[in-house]
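Please keep the structure in view while reading.

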Amino acid sequence: KQQAASDAEAQSQEQIRGAILSKTDLEQFPVAMSAKLSEGKGDTRELTLFAHLDAKPLHFRKDREHNLNTVTFIFAIFDPNDNLVSLQQRRARVNVLDAQLPDFFKAGVDADMIFQLNPGIYRIREVVTDSEEHRMTTFSQSVKIP
């Protein structure tokens, strides 16, 4: 049983790695991305990326009155030559009581990550996946750092 779980995790990680490197967009649940640019250290600028997942389509593993899932948010930054410049991942462990589900569905799941980037044009790749159904949303967006 432990080996099967390990194999499933390895397969999931390989699927995520492929999605990061892909240029194909996929939407299996609604995710919005926004960005904020501010002064960084030295010549760099600070790019804060925000992701918001609409939680209504999420499915859960039940543990008595608890609803469980883990949402993984990944932001990858690529330069104009498609070289990976930076990558950050954040996991949001969802553990919501039945009575809290309506509020959770209204709020959704949020993640933000901060990158220090030199001036230039970059491709931002966002990958969001969940642990229960392994659904995935992926998309890319270009950003110019002045």
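## Pocket and sheet

In this predicted model, the lining of the largest pocket comprises 4 nonpolar, 8 polar and 6 charged residues. The pocket itself holds about 360 Å³ of space. Its lining counts 18 residues, and those closest to the centre are Glu9, Thr70, Arg91, Asp130 and Ser131.

Which elements give two or more residues to this lining? They are α1, β5, β6 and β8, listed below with their residue ranges.

| Element | Residues |
|---|---|
| α1 | 2-21 |
| β5 | 66-78 |
| β6 | 84-97 |
| β8 | 120-130 |

Helix α1 gives the most to the lining, with 5 residues.

Now the sheet. Three strands form an open sheet in the order β2-β3-β7, and their pairing is antiparallel. In general, strands of a sheet pair through backbone hydrogen bonds.

Why is one side of β2 and of β7 left without a neighbour in the sheet? Strands β2 (31-39) and β7 (109-117) stand at the edges and have a single partner strand each, so one side of each has no neighbour in the sheet. From one strand to the next, the twist averages 20°.

Strand β3 spans residues 45-53. Its antiparallel pairing with β7 runs over 9 bridges. What stands opposite leucine 47? Phenylalanine 115, in β7, does.

Note on methods: Residues numbered from 1 in each chain as written. Predicted model: local features only at pLDDT ≥ 70, side-chain atom pairs only at ≥ 80, totals over all residues. Heavy atoms only, no water. 1 Å grid on protein atoms, 1.4 Å probe; cavity = no way out; pocket = protein on both sides within 12 Å on 5 of 7 lines; lining within 4 Å. Points joined across faces, edges and corners; volume = space filled by probe spheres on them. Helix = DSSP H or I, 4+ residues; strand = E, 2+ residues; numbered from the N terminus. Nonpolar A, V, L, I, M, F, W, Y, C, P; charged D, E, K, R; others polar. Pairing = 2+ DSSP bridges. Axes fitted to C-alpha atoms, helices over the stretch in contact; angles between N-to-C directions.
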